[in-house]
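Please keep the structure in view while reading.

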Amino acid sequence: MPDIYDFLIAPFIDYAFMQRALLGSFLLAISSCPVGVFLMLRRMSLTGDAMAHAILPGAATGFLLFGLQIVPMTIGGLIAGIVVAISAGAVSRFTVQKEDASMAAFYLISLALGVLIVSIRGSSVDLLHVLFGTILALNNDALLLIALIATLTLIGLILFWRALIAECLDPLFLRSVSGLGTPVHFIFLALVVLNLIGGFQALGTLLSVGLMMLPAAAARFWTTRVESMCGLAVLFGIFSCVAGLLLSYHLSLPSGPAIILSAGIIYVASVVFGASGIVNARARRPRHRTA
Amino acid sequence: MTDACLTFRNLTLGYNSHPAVHHLDGSVKHGSLTAVVGLNGSGKSTLMKGIVGILQPMAGACLRETGGRIAYLPQQSEIDRSFPARVVDLVSLGLWSRRGLLGRFTRDDRAAISNALGSVGLEGFEKRPIDTLSGGQLQRALFARVLVQDADIILLDEPFNAIDTKTLGDLIDIIKRWHGERRTIMVVIHDLQLVRDHFPETLLLARHPIAWGRTKETLRPENMLQARRFIEAWDDEAEWCEPATLGIGLDHQSRGARQNHDHQPAPAEKGAA
């Protein structure tokens, strides 16, 4: 028993930075995993990745002007992300071009701009924190920001749940009964950007997408209801965070990749052993009923 | 025309500056049951989209009575069949106009959904995932959603696609029941025998309205012949219909003569009861 305690519990009892990391990652999982489920169901799984790149010039500008501070980098990232999301969304809504193409165009423009801005400042070790995060050094401001984003996200999802489902399931129908389709799409993109912003303090701009998408993609293999998919994704997310933090603590691994790789292991296991995974769908020859 | 439910005023709808419905005038009466007939590309579906409001007019207007609920069954739905939803989730979307974003579904709502599924022959299908439905079953589920919508104006775009003959009779009965309830119904349909048997009024389209009125008169051989001469293809060299500023003041006939496309004389009767 003492071994298990030392391994699983003690790190979080003994060290304040581990407690902060745990709290921050819980909040992130609760907030960004359901967003990931909707991204996946809307076949926009790679959009999260694109948006994460899109945030870069804003965050870099904040970094350039104010140094490694949360508030300016967050606001900068938020502006860049929203501009790209709205531009790409607008092109797909009001022209014949689909969102994948317009999103690719705008995020690449944004990424190039970001790299340009970063290079003005010259290479900096600090900037690695932007790209790969510092979950073990979350301060009060960062935790507060993540909590705020989580609250906003949950309220937004609950408020627009029915519209989000309708917009995924039958967008033409939603347009025929309500003008909410387009606003809901933009609100949703804003939530995606917000969650990536929340994640980049802890996990970095690139890896924060991982906590959003991997648990969601894994949950798809276990359930066929959207509600339970969101719940399961949150559980997977929380589990990945705990596992990743512990691995990082005991094996002196970088925390961000440890968390995302834990989620990756859950995903691969789900692909193979999930209710609609490979083993169930292929290997086993199912019995069938008479009607 | 005091009891007009829908009024078209010189309505032109289309895509990329080419008209698909051209200069449509007239009105649809309250409680009328109208078949919309025409060849492929004659503007039937485009007219439906224009009425629903998902396609904005290029010219003219489509005026809808305020306050009335509208239900629309598109020819090609944009349903994502891989979405993890059950039949009941799909059909309950029909409650949107009454329950909106946050309203709770009541016991009556659930009963209405079950009844609607029963009416289209899908009783007991509530829990079935939508990706396990056949094409015809999905079409029936969508028909059930229209039932749940409980709308005053009902637009059905080729609703009998992929429907077996047994179900066809049930769906026709539902349409007749709606007609009895004084709802306004427009149905895009290709089977002229069904039109003659069940639809009191018909709009025959070939981009322009060829005829519009009682089914028997609309479907007269000379009208059908005229509709059949309709040229489906767009003409990229076609002259502009009305110059943005110069069109005003010219009467219809002279404009028609000046342009390369023929304007039909206004249909003699519209929406005769």
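Two strands are taken to pair if DSSP finds at least two bridges between them. With that in mind, and remembering that this is a predicted model, the pairing in chain B can be read residue by residue: Tyr72(B) stands opposite Leu155(B) in S6(B). Strand S6 of chain B covers residues 153-157, and S5(B) and S6(B) pair in the parallel sense over four bridges.

These two strands belong to an open sheet of six strands in chain B, which runs in the order S5-S6-S7-S3-S8-S9 and has mixed pairing. Its edges are strand S5 (70-73) and strand S9 (208-214) of chain B, each of which pairs on one side only. From one strand to the next, the twist averages 15 degrees.

| Helix | Residues | Strands touched | Angle between directions |
|---|---|---|---|
| H1(B) | 44-52 | S3, S5, S6, S7 and S8 of chain B | about 150 degrees with S6(B) |
| H6(B) | 165-180 | S3, S6 and S7 of chain B | about 150 degrees with S7(B) |

In chain A, attention turns to the surface, where Ile4(A), Tyr5(A), Phe7(A), Leu8(A), Ile9(A) and Ile13(A) form a nonpolar patch with about 550 Å² of accessible area together. Ile4(A), one of these residues, lies in helix H1 of chain A, which covers residues 2-14. Ile4(A) has a relative accessible area of 47% and is therefore partly exposed, since that class lies between buried, under 20%, and exposed, over 50%.

Notes
Residues numbered from 1 in each chain as written. Chains lettered and ligands numbered in written order. Predicted model: local features only at pLDDT ≥ 70, side-chain atom pairs only at ≥ 80, totals over all residues. Heavy atoms only, no water. Axes fitted to C-alpha atoms, helices over the stretch in contact; angles between N-to-C directions. Contact = heavy atoms within 4.5 Å. Patch = residues over 30% accessible without salt bridge, like charges linked within 9 Å, V, L, I, M, F, W, Y side chains within 5 Å. Areas by Shrake-Rupley, 256 points an atom, 1.4 Å probe, with all protein chains shown as cover. Salt bridge = Lys/Arg side-chain N within 4 Å of Asp/Glu carboxyl O. Buried < 20%, exposed > 50% of the residue type's maximum accessible area, 1.4 Å probe, protein only.
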